[in-house]
Amino acid sequence: MLAYIIRRLLYVVPTLLGVNILVFVLFFMVNTPDDMARQALGEKNMDPLQVERWKEAHGYEVPLFWNGEAKGVQCLTKTIFFRKSLAMLWGNFGHSDMTQESIGGEIRRRALPSLCVSTPIFLATLLINIILAMIVATKRGSVSDMVTQFLCVALMSISGLIYIIAGQYFFAKLLRWTPVSGFLQGMDMWKFLVLPILVGTVSGIGGGVRLYRTLFLEEINRDYVRTARAKGLPESQILFLHVLKNAMIPILTNVPLQLLTLMMGNMLLENFFSIPGLGGYTITALGAQDFAIVRAMVFLGSVLYIIGLLLADICYSIVDPRIRLG
Amino acid sequence: MIKEIWNSWWFQNLLVVLLLAVLTLIGWRLSRREYWRLAYREVRQRRGAVICFFVFCLYVVIALADSVGWRRALKEENGEIRRNPETGAVVYDRGASALDYLLKPLSEKKEKTYSAPMADVSFMYETATGETGVHRVQPKLKYPGQHWLGTDRIGMDVFVQALKSIRTGMVIGILTTLLAVPFALFSGVVSGYMGGFVDDALQYICTVFSSVPTVLFIAAFMLIFGTGLPQLCVAMGIASWTGLYRLLRGETLRLREAEFVQASVAMGTSTWRILLRHIIPNVMHLVLITAVLRFSSGVLAEAVLTYLGIGVGADTVSWGSMINDARTELTRDPIIWWKLCSAFVFMLGLVLPANIFGDAVRDALDPRLRTQ
């Protein structure tokens, strides 16, 4: 067990480094600091001196990989790769290119609103999907199964945009049950959260029910279920004690991964409902062409995914010994 | 230079012909295999799937008509063909697609601003001075009752826009997969069959790429390379490569131990021949299933990404940009619903059949399901 966890932990290091290099290549080699400066200053200001000054003000004036003018270790540390890219590994996300505010502080401020929206959506979707999928899986082949299957496909075929627009129109504009968009910290927060959570949950039903239905069906056809039936166990006991328990293994071990990626928020929902979360932050940065913020968000998202996957794998290896032995 | 060639009609027409030729060739090769014939027969037995396939084909035909085009010689006012005064060469216009020429009677009927579907009068009120004083009236349309789905803010026909968006959606759905498949197929099969260092290296690259969340990767890519249809296809292709790679690698690992492959190895067949003759034909069903199932998610993703400002640019008509416009239109009173509804219905008309047909294809091709 310990050997597996250590091996798995060691694999995280090269992955993190790889993502860091990928982000670096995308943001500094495909699109050089000179390009960034020109984009920020506007195409007309092509004066090289201004470009240099912009780069100096934002810390992009040093070479990419190797600083020949510096001495000793500084050859490596006084470079863009070390200052802007590697530094993200120890949580130094730097400053925004446009407003100069600290990105790290902004991330800490915005993570909570993002979590407030995405966590309830995740939990509600999980619960509703599992219940619906269990009902459907027990009635396999019946008319109601076929109707549900079709409904799921239909729900999946509707764009997420439509769910949000329709939800805002009916519940906020026509019925006036909730505010159209906005956000409040404190006790009144729920008023603003109800609609995004409802919309987010409904839009996840179609695909989720289908996925969990196949998971349950796979378990229902297993030998141990037949044995349980042959023993004369009541169907409800088979379903809740045996099938559910086994089908939940892949679902629940994925929870740590989901929880961490939830922090990045949902770009679409946060944009529509003006929630000051990380997803909305990314969208604003994209609109303002703020490379520093987008770079930090891409890296943060990847780090959260990698850590989440690590936790999920460890969870799985605890539940299913075949993984760590194989 | 490259942009000029890319934008020229002969190049686009050539691409369409090439694509059709390749698809026909693949279809013909597959139709000779018993496995694929069985699958074909099974799909054909499902009436729903067949109907969906024909609806899908209708969309394909419209998209094809919008992809081939030609330029026409400009005419002088007296009807003669205009020539360059110095060289005597014929002067051409910018050209349009076959669909454009077909829709010309509709797209030429421009109104001033919004009008409801099949309406006779404009949606907006105008101030008019009559005998009894100043009134707010809805002026008569130039072409009453001829806009089946109404017009938008600048008076363009919504039906034409919805039809023109079909090509954008189709290109996203198909090109994304076409870009991802060759790379995933090659790397997946090689990785699974060779093992060792090659496998480790490819798996590492795959892990790195799949660690970056898809939306964020596309966002970064579009920020750096600018918005547009080709960029979006490439970004989505790169982002979706890893899933298929894993699938194909796993299947190849299984096939490598199969008896017919082992027999080929024992007979001294070269590695590349084994990959081409024995492994790749036996993983093609996974490629097709992935391609069909991914199609609809590509179309849906385009709308979302365009809405977020990281999809196709403002110069390309797409369902995403139509829905984007609709956001402000819904805040008016009375609301302007026809643009949103048209985009929604046209999109659903493509995605729903694609999903149902995709499920039928998967059920027919997946051996695990067939044995049950």
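1. Between chain A and chain B an area of about 3,700 Å² is buried, and carbon and sulfur atoms give 75% of that area; buried area here is the accessible area (1.4 Å probe) that two parts lose on being put together, summed over both. The model is predicted, with local features needing pLDDT of at least 70 and side-chain atom pairs counting only at pLDDT 80 or more, while totals for chains, interfaces and linings use all residues. Residues are numbered from 1 along each chain as its sequence is written, chains are lettered from A and ligands numbered from 1 in the order in which they are written, and side-chain values use heavy atoms, with hydrogens and water left out.

2. To this contact (heavy atoms within 4.5 Å) chain A brings 44 residues and chain B brings 41 residues. Between the two chains there are 7 residue pairs in polar contact, both residues being at pLDDT 80 or more; a polar contact is a pair of N or O atoms within 3.5 Å, where within protein one must be able to donate a hydrogen and the other to accept it, and residues adjacent in sequence count only if both atoms are side-chain atoms. On the side of chain A that touches chain B, at least two residues each come from α1 (2-30), α7 (143-156), α8 (160-174), α9 (189-220), α13 (267-272), α14 (278-287) and α15 (291-319) of chain A, and α1(A) gives the most, with 10 residues. Helices (H or I, at least four residues) and strands (E, at least two) are DSSP runs, numbered from the N terminus. That side of chain A divides into 29 nonpolar, 11 polar and 4 charged residues, where Ala, Val, Leu, Ile, Met, Phe, Trp, Tyr, Cys and Pro count as nonpolar, Asp, Glu, Lys and Arg as charged, and the others, Gly among them, as polar.

3. The count of salt bridges between chain A and chain B is 1, a salt bridge being a side-chain nitrogen of Lys or Arg within 4 Å of a carboxyl oxygen of Asp or Glu. This bridge joins R210(A) to D359(B), at 2.8 Å from N to O. Over all chains the structure holds 18 salt bridges.

4. Within chain A, E106(A) and R110(A) form a salt bridge whose closest N and O atoms are 3.0 Å apart, and both residues lie in helix α6 (residues 103-138) of chain A, 4 residues apart, about one turn of the helix. E106(A) is buried at a relative accessible area of 9%, and R110(A) also counts as buried, at 18%; buried means under 20% relative accessible area, exposed over 50%, and partly exposed in between (1.4 Å probe, protein chains only).

5. R213(A) pairs with D145(A) in a further salt bridge, with 3.2 Å between the closest N and O atoms. Because R213(A) lies in helix α9 of chain A and D145(A) in helix α7 of chain A, the pair ties together parts that are 68 residues apart in sequence. Both R213(A) and D145(A) are buried.

6. In chain B, K164(B) and D66(B) form a salt bridge, the closest N and O atoms being 3.2 Å apart. K164(B) lies in helix α6 (residues 158-194) of chain B and D66(B) in the loop between α4 (47-65) and β1 (69-70) of chain B, so this pair ties together parts that are 98 residues apart in sequence. D66(B) is buried, with a relative accessible area of 6%.
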